[in-house]
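I opened this entry to keep track of what I looked up in the model, beginning with the ligand and going on to the sheet and the helices.

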Amino acid sequence: MARLSQADLVDLNNTFNERTPQELLAWAKDIFGPRLAAMSSMQRAGNVICHMISGMPKPMSVVFVDTGVLFPETLETRDRLAAEYGLEIRTLKPKQTMQEQTAELGVLYLSAEGQKQCCELRKNEPLDAVRDDYDAFIGSLRRADGGRRGTCPVLSVDTRLNLLRINVLANFSDEDLDRYIAEHKVILNPLHDQGFATIGCNRCTTPVLPTEPKRAGRWRHLGPWSVYCGINPTDMDPERSPAVDFSQDLVDRILGYRTDFVI
Ligand code: SF4
């Protein structure tokens with residue numbers, strides 16, 4: 001095994017800042033093949049990625065975490081994307097229903113500490129189940145979303161899942177996103193038209209006012225707009241330089257030591 005650290009990715013990240021999302025998707029497909037998937041929570045940016053990969057010769061599968069307390073509109077959006085874009089969407093679920101969890105642990109999401117535990121049980125643990133199935137996930141973080149995502153790199157290592165996160169839309173501005181959605185009539189979660197800037201569980205998500213930050217609708221009851229669930233590692237610890245374990249061959253391919261692939 002070989003180690004691939006966040007520091008090893010600095011040069012590649014600098015280069016990738018100039019690449020288009022489609023170029024990055026093509027690079028990822030070439031490097032990771034069938035051990036690549038996209039992650040989506042059925043929001044605007046994730047749906048744009050679903051549209052982009054649906055046009056690839058062999059679309060990768062999409063991993064989706066259903067916490068059991070999502071809005072029906074989100075599940076309907078997943079089903080539309082699968083049917084109309086021809087995507088295989090792999091839905092992961094927590095071990096317990098919310099009812100079972102509440103009976104055992106109480107209503108967790110009402111306190112700051114409880115929220116961490118609830119997100120861990122309902123969002124992060126389901127992903128652990130597929131840890132060995134993939135070497136890379138396409139993510140939909142954008143710097144234009146601000147907050148802890150304001151500096152997110154294109155490539156980041158995920159030590160928990162031992163894989164690479166590839167945020168192909170890291171440089172996509174709000175205008176880029178709007179233009180792509182309009183040009184391609186991308187399927188959207190209808191909740192966006194009801195004032196939801198971002199969309200998560202029905203217990204912890206509200207619409208936002210036009211004057212509020214986009215993330216004001218997430219965990220509003222816990223304020224002040226600084227809570228993240230932890231499903232994206234760069235949201236949690238932006239200062240660290242972690243590493244993952246890959247085969248030497250895969251590390252060489254990622255860093256371009258043994259490939260003639262040029263984008
Ligand atoms: S968003 Fe709220 S309900 Fe959903 S997993 Fe996190 S704390 Fe629980």
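I took a residue as near a molecule if its C-beta atom, placed from the backbone, lies within 6 Å of it. With that cut-off I found that 13 residues surround the ligand, the closest being Y109, C118, C119, C201 and C204. I noted that this is a predicted model, in which local features need pLDDT of at least 70 and side-chain atom pairs count only at pLDDT 80 or more, while totals for chains, interfaces and linings use all residues. Residue numbers start from 1 along each chain as its sequence is written.

Next I looked up the sheet, taking strands as DSSP runs of E with at least two residues and helices as runs of H or I with at least four, and counting two strands as paired if DSSP finds at least two bridges between them. Six strands form an open sheet of mixed pairing, in the order β4-β3-β2-β5-β7-β6. Its edge strands are β4 (89–92) and β6 (155–158), each of which pairs on one side only. Inside it, β2 (residues 36–39) and β5 (residues 136–139) pair in the parallel sense over three bridges, and A38 has I138 in β5 as its bridge partner.

Finally I checked how α3 (residues 44–54) packs on α7 (residues 174–184): the angle is about 50 degrees and the axes are 11 Å apart, with axes fitted to C-alpha atoms over the stretch in contact and angles running from 0 to 180 degrees between N-to-C directions. Therefore α3 is oblique to α7, oblique being what remains after under 35 degrees (roughly parallel), over 145 (roughly antiparallel) and 65 to 115 (roughly perpendicular).
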